[in-house]
Amino acid sequence: MNLPNTLTLARLVLIPIIVLVFYLPYKWGPFASAVIFALACFTDWLDGYLARRLNQSTPFGAFLDPVADKLIVAVALSMLIELHASLLLTIPAMVIIGREIVISALREWMAETGKRASIAVSMIGKIKTFVQMGSITVLLAFDPDHWGAVLGLALLYCAAVLTLWSMILYLRAAWPDLTSTRAIGRD
């Protein structure tokens, strides 16, 4: 266990806290959950930075970091879908959650075939994550009828477009292996 992995585990621990605070029967609950979510997003950047800077990258961290990211995003988007009860929010949320499932399955399959490195995280993926986390933070902070929610929704659509773009890049990189007629495990 090292500091980057501890930060990743802390992000996982923050997920039920975000949910609990969001549903508290107080007006400040959603805003407080947005602050906690933003803190969790910061730990996502910080754990990666520290792992590289301190040379503390581990297989456990490489596994757990994307799991924590996907869980916190899926849980937050699920809460927002319920809160907004709107097709306008549900569509980009479904795109984002669906992409995460597709890319997770693709990465797992590529790892099994020994080609995991061919679908490494791209700059578009990093920008997508930044916009996605920002949009969710804003949407958690403001009621659906507040002008801030309109900004958050616009950012969520930007994140959904970037999500589709990054998925296309991943699939394009993996396409030769996905369409190969060779048996898995043979070269």
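In this predicted model, the largest nonpolar core has 32 residues, and those that touch the most other members are Phe37, Ile72, Ile136 and Leu140. Six helices each supply at least two residues of this core: H1 (3-22), H2, H3, H4 (87-112), H5 (123-141) and H6 (147-178). Another core lies apart from it and has 6 residues, including Ile103, Met110, Tyr170 and Ala174.

**Isoleucine 72**

Which residues does isoleucine 72 contact, once its neighbours within four places in sequence are left aside? They are Arg11, Ile15, Ile18, Phe37, Ala40 and Met133.

**Helices H2 and H3**

Helix H2 covers residues 29-53 and helix H3 covers residues 59-84. The two pack with their axes 11 Å apart, at an angle of about 160°. Because angles over 145 degrees count as roughly antiparallel, H2 is roughly antiparallel to H3. Their crossing is left-handed. On the H2 side the contact is made by Phe37, Ala40, Asp44 and Asp47, and on the H3 side by Asp65, Asp69, Ile72 and Ala76. Sorted by class, the contact of H2 with H3 has 4 nonpolar residues, 4 charged residues and no polar ones.

| Residue | Helix | Relative accessible area | Contacts beyond four places in sequence |
|---|---|---|---|
| Lysine 128 | H5 | 4% | Arg99, Glu100, Ala159, Leu162, Thr163 and Ser166 |
| Histidine 84 | H3 | 16% | Leu89, Leu139, Pro144 and Ala149 |

Is lysine 128 buried or exposed? Buried means under 20% relative accessible area, and lysine 128, at 4%, is therefore buried. Its place is in helix H5, and the residues it contacts include Arg99 and Glu100 as well as Leu162 and Ser166.

Histidine 84 lies in helix H3. With a relative accessible area of 16%, histidine 84 is buried as well. Among the residues it touches are Leu139 and Pro144, not counting those up to four places away in sequence.

How far apart are histidine 84 and aspartate 145 in space, C-alpha to C-alpha? The distance between these two residues is 9.1 Å, although they are 61 residues apart in sequence.

Terms used:
Residues numbered from 1 in each chain as written. Predicted model: local features only at pLDDT ≥ 70, side-chain atom pairs only at ≥ 80, totals over all residues. Heavy atoms only, no water. Axes fitted to C-alpha atoms, helices over the stretch in contact; angles between N-to-C directions. Parallel < 35°, antiparallel > 145°, perpendicular 65-115°, else oblique. Left-handed = near helix turned anticlockwise from the far one by under 90°. Contact = heavy atoms within 4.5 Å. Nonpolar A, V, L, I, M, F, W, Y, C, P; charged D, E, K, R; others polar. Core = buried A, V, L, I, M, F, W, Y, C linked by side-chain atoms within 4.5 Å. Buried < 20%, exposed > 50% of the residue type's maximum accessible area, 1.4 Å probe, protein only.
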